[in-house]
Structure formats: structure tokens, C-alpha cells
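Please walk me through this structure in plain terms.

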Amino acid sequence: MTSVNCLSTGVAVVKLELAKMRRYRRGGRTLRRLLLGGNPALVIGLNLPFLVVASVSLRAAAAVTLELLLVHMGTLAVMLTVRRAQGGAVRLATQVAVSTLLTVWARLLVIRLFGSAAGTLGMFLYLMAVNGMTLTGGAAIGARHKPGRVLVGGLLQVGGFALAIALLALAREYAGYNTLWGVPLPATFRLSGVTAPFFGLILAGFLLGAGRFAGKAVAGARMRERARREARFLVVRDERHG
Amino acid sequence: MKLIQQPAPHIRVAQTTRGVMGDAVAALGFLYAMAYYYHGPRAPVLGLGSVAVCLACDVACNFITRGGHNIRDLSAIVTGLLLPLMMPATVGYGVVATAGLFAMLVAKAPFGGTGHNVFNPAAAGFSFAVVCFGGSLFLYPPPAFKAPVWGPSDAVLAASPAFTLRMGGTPGYDITDMLVGNYPGPMGATNILVLAACLLYLVFRGTVRWSMPFSFFATVGVLAWLFPRSAAGGLSSVGFELATGLLLFGGIFLLGDPVTTPKREMSKVAFGITAGAVVMLFRHFGRQEEELTFALLLMNAAVWGFDMAGERVASIIRRRKRKEH
């Protein structure tokens, strides 16, 4: 009896540990997926025009990211309260109205903080009202979705966009203007073509390729490590059984 | 035994990529010889530098893709040789290197390498250099100026006749000068006689089908005659349009790329006609002095349409022939 109790307790402990590990892995997978493997801008293609146009300088990139954060999170928070509203058209109209109001306010804030760098973005500061990430995110909120998860997911999406635009802006500002955050830096060459929109798309494609390459390499290494561990375990079991 | 009577040559060999590229390298060698005659050793050194950059990129991409491409097919060498010939003799090595890097790393490798690229790498590389370095690529040293291999040159740079045409004027060079390349212009695009000889060589070797360059030049000629840019008008305008800028060079070496052009004969003719019209549109309304490479990139993006249309027409013709029989 005692040995059976010990066995059942041991199995329960193992199950609890496995459940914890699964939650940890799922959370880690979600983070990795949204930032890298499922990056909303690079992989899914949301807000690509903002990514391409605003990534000519770090200051413009920061301005767009801040505006996106305010508009996206504000809209999601409001849509969580109206998710039970009847009719998709009412919800969509509400969502666009809310995001437009937030855009007007966020634009003023962003121009005050970032000055001319934000001013160069022109109509893209207004277009944030109907950006793809907010439209799809708001429309996807269902009655059963937990508010915490929706908001955390929204934050991760903006984080993924911020990562992508930061990398692009870093490369384009240095190569195109030989500056970083407006501070001149020593450089041996200057390629003004890098600041053209088509090059932003090219760089985004390269970033996506690099991310996939890195993801495959990491996944391959993890699989090899797991196989090595399991092989060791099997060897141990064989030794025990003689 | 069945005997088949055929004209010479009687030895048939399969055409390989290496053979096609080898012919292009040989033709470009003639142009480099003329460039060396006019501008000294800097011309072939620029070519060697560009080839080195393109080959290094090809090897690196081959390594990353784990041997997916064959670097011995000479395609990287052809791209490397093409780029400096489209530029002035006094162009910086950094400019040529930038164009080569863009050509290989952006226009060629990401699409799958030789045989899979959508855009002509040399045209893409030169277009990127124009966007980055702008007007400095359209100022040329005089023909007899021997540029130093290293360091800055003290040449008095001048615009080419293409700029004069763009401004609505008439170039002040006579036909003899234009035939032998005795005027400021891109290193490999000024000597009309040598370019014509290169075209004949490539057509004779079967590397380039005659239909596409012929339809291209014919369209440009007709449009230049109908809508002249220069005050001279008529046949003079045709001569100036064909002889200035990169038109002849591009029509032979860039338009003749077998990868980025349609496959069927009728598609090639249609492609050549459309390319000629687009180039003339760019020349009339474009911002840059030399717009051929931009027009060519636009046409490269539309090759699939020409191929599809060609296949449809060919299948209609085949069906009709079958019905008749």
C-alpha cells in the first residue's frame, strides 16, 4: 500500500512538474512567436507601410511605435468592453471611431515629443487610425477572450513591431544619413538609396529571412540536444535492465 | 541508316550556361579592350574589382545555401564585367562594389541564383548605384583621358550626348566620332562599331536571338523618328537615340539575358517592342539622364505575362493546325 501511495504521489508530482513546464514552454513559445517567428510586421505583414516608411530614422521609428502603442492598446481596451455589442458593423464603426480619436491625441503627443522627425511622417500619422494591427486585433476579440490575455497579446504585437522597425531604422539611418538618433557618426560611405521605400521592403525581407534562418538553427540545436538527452536516458534504462 | 542533309556546322554541341556566359565574357572582353585604349589601365582594373566582388558574393551565397548554386557557370563574372562598362572611367571603386553587392545579394541570390532571378542583376545593381550616387554617374572624362588606377583624377568631367538630348538640344558630335566612341560616355557604351560587332558575334554564336534586339532597336528607331527629342528630327534623331546612352549596350547585353526574358520567339518579339516603347517613354518623361535600366527592370517584372500570352497563342495555333489536319 505504501509503495502504491508513493508511486501515485510520485506520478502526481511528475504530472504537476510537466504541467508547469508546458505552461512555461507555452509562454516562452508565445513570446518567441510574436517577436520572431510570428512577428506581426515581418511575418504576417501587418503595418508594413508604416514599417517601410517610418524606418528611415530611429526617431521616426520611435514616434510611430509610440503612436501605435497608444492607439492599439487604447482601442483594444475599449473593444474589450463592447465585445458583446450586436452586429459586426456596430463594433467596427465603434472601433474605427475610437482609434481615430486616439490617433488625433497620440499624433499631437508624438509631434511634441519627437518634433520634426514625426513631422516628416506626414499622413502616416493620420493613417494609424486604420492600421492593420488594430483593425484585426479589435475584430478578433471574442466574448470568451480574457481581457488580460488580449492586452498582453496586444503588447507583444506592438513589441514585435517595435523590434522590426528598430532594426530596420538602425541600418537605414546609419547607412543613409550616417547618423543614429540624429547624432552624426563616422562612416566611410553613404548610400542615399537605402532611404528609399523599396529598400525598406528589401531589408524587411532580409530580416525575415535571417529570422527564419536563426529560428531553424535554434530549433535544430534544441532537437539535437533533446535527442542526445533521450538517447542517454535510454542507455541508462538498458543498463538498469541489464 | 537515315541520312539527314543539314547545312554546316555539322558538329552539334549542347548549349550550356557556361558556354553562353563564356560568349558574353568574350564579347565584353572586346569592349574592355576599347575601354583600355581610351581610358588606360583603370578600365580593366575596375572590371577585375567588380568581378572579384561579384564572385565573392556568389561564393558566400553558395556557402549559405549549402552548394545550391554552381559558381562555375561564369554568371557572376558576366555581371561583374557588365557593371563598370555602364559607368564613367573615373567612377570610384566603392561605387562599383556597391553596385556589385546589390546585384548579387539583392537581385540574384534571394531569388535562387542563376536561372531563377527575376530581375537582371547588372541592371538592378546599376539602378541602385544611380539612386545612391545620382549625378556623379553621368559625368564622364574625355575619351583620350588616361585615368589613374588609384587615387583621384584631375579630369574635366562632362555630360554625355544623352544629357544634351534630354535637354532638347542636338549633340554636337559627328557620325564618325559616335561610331568609334570619340565622345564622353559610359566606358562600354560609346563605341558603336565594336558594339555592333559584339551583337553579330553573339547572334552568330546563338547566345542572343536576333529577334529581340532587332525588335527593340526598331521600335526605338520608329518612336525616335515619330517623336524626336532633338531639334534635328528625322533620321538624325534616330541615330542619336540609338547611339547615345546605354541603349545599344543594354539592348545587346542586358536585354539578351536568357533568364530574365521570355522563352518563345513571338514573346521575345512582343517583349522587345514593348521594351522599346517603355524605354522611349522613360527617356521622354523620366527624371534621370539614363533610364534604360529602370525600364528594363520594369519589363523584367512583366516577363511572366509575355510568357503566358505566348503559350496561349502557341496552343491556339497548335489546336488550329490539328483541326486542319
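**A walk through the model**

L127(A) is partly exposed, with a relative accessible area of 33%; buried means under 20% relative accessible area, exposed over 50%, and partly exposed in between, with a 1.4 Å probe and protein chains only. This is a predicted model, in which local features need pLDDT of at least 70 and side-chain atom pairs count only at pLDDT 80 or more, while totals for chains, interfaces and linings use all residues. Residues are numbered from 1 along each chain as its sequence is written, chains are lettered from A and ligands numbered from 1 in the order in which they are written, and side-chain values use heavy atoms, without hydrogens and water.

L127(A) sits in helix α6 (residues 124–127) of chain A. Helices here are DSSP runs of H or I with at least four residues, strands are runs of E with at least two, and both are numbered from the N terminus. Together with M123(A), Y126(A) and V130(A), L127(A) makes a nonpolar surface patch of about 390 Å². Patches are made of residues with over 30% relative accessible area and no salt bridge; like charges are joined within 9 Å, and nonpolar side chains (Val, Leu, Ile, Met, Phe, Trp, Tyr) within 5 Å. The areas come from the Shrake-Rupley method with a 1.4 Å probe, and for residues only the protein chains shown count as cover.

In chain B, helix α1 (residues 17–39) has 23 residues and should span 33 Å at 1.5 Å a residue; its end C-alpha atoms are 32 Å apart, which agrees. The expected span is 1.5 Å times one less than the number of residues. Among the buried residues of α1(B) are V20(B), L28(B), Y32(B) and H39(B). Their cover includes α2 (42–64), α3 (75–85) and α8 (192–205) of chain B. After α1(B) comes G40(B), whose phi is positive, near 85 degrees.

Next come the aromatic rings. Rings of Phe, Tyr and Trp (its six-membered ring) pair if their centres lie within 6.5 Å; planes under 30 degrees apart count as stacked, over 60 as edge-to-face and the rest as tilted. The count comes to 15 aromatic pairs over all chains. The rings of Y93(B) and W150(B) have centres 5.1 Å apart and planes at 35 degrees, so this pair is tilted. The pair links distant parts of the chain, 57 residues apart: Y93(B) is in helix α4 (residues 93–105) of chain B and W150(B) in the loop between α5 (121–133) and α6 (161–166) of chain B. Y93(B) is partly exposed at 26% relative accessible area, whereas W150(B) is exposed at 64%. Ring pairs also link F198(A), F199(A), F102(B) and F128(B) into a cluster.

Finally, side chains of opposite charge can pair when their charged atoms come close. A salt bridge is a side-chain nitrogen of Lys or Arg within 4 Å of a carboxyl oxygen of Asp or Glu. There are seven salt bridges over all chains. One joins R228(A) and E225(A) at 2.8 Å, N to O. These two are three residues apart in helix α9 (residues 197–240) of chain A, so about one helical turn separates them. R228(A) is partly exposed at 47%, and E225(A) is partly exposed at 31%.

Another salt bridge joins R229(B) and E241(B), also with 2.8 Å from N to O. R229(B) lies in the loop between α9 (211–226) and α10 (234–243) of chain B and E241(B) in helix α10 of chain B, so the pair ties together parts twelve residues apart in sequence. Both R229(B) and E241(B) are buried. R229(B) and E241(B) are linked with R283(B) and E290(B) in a network of salt bridges.

Methods: Contact means heavy atoms within 4.5 Å.
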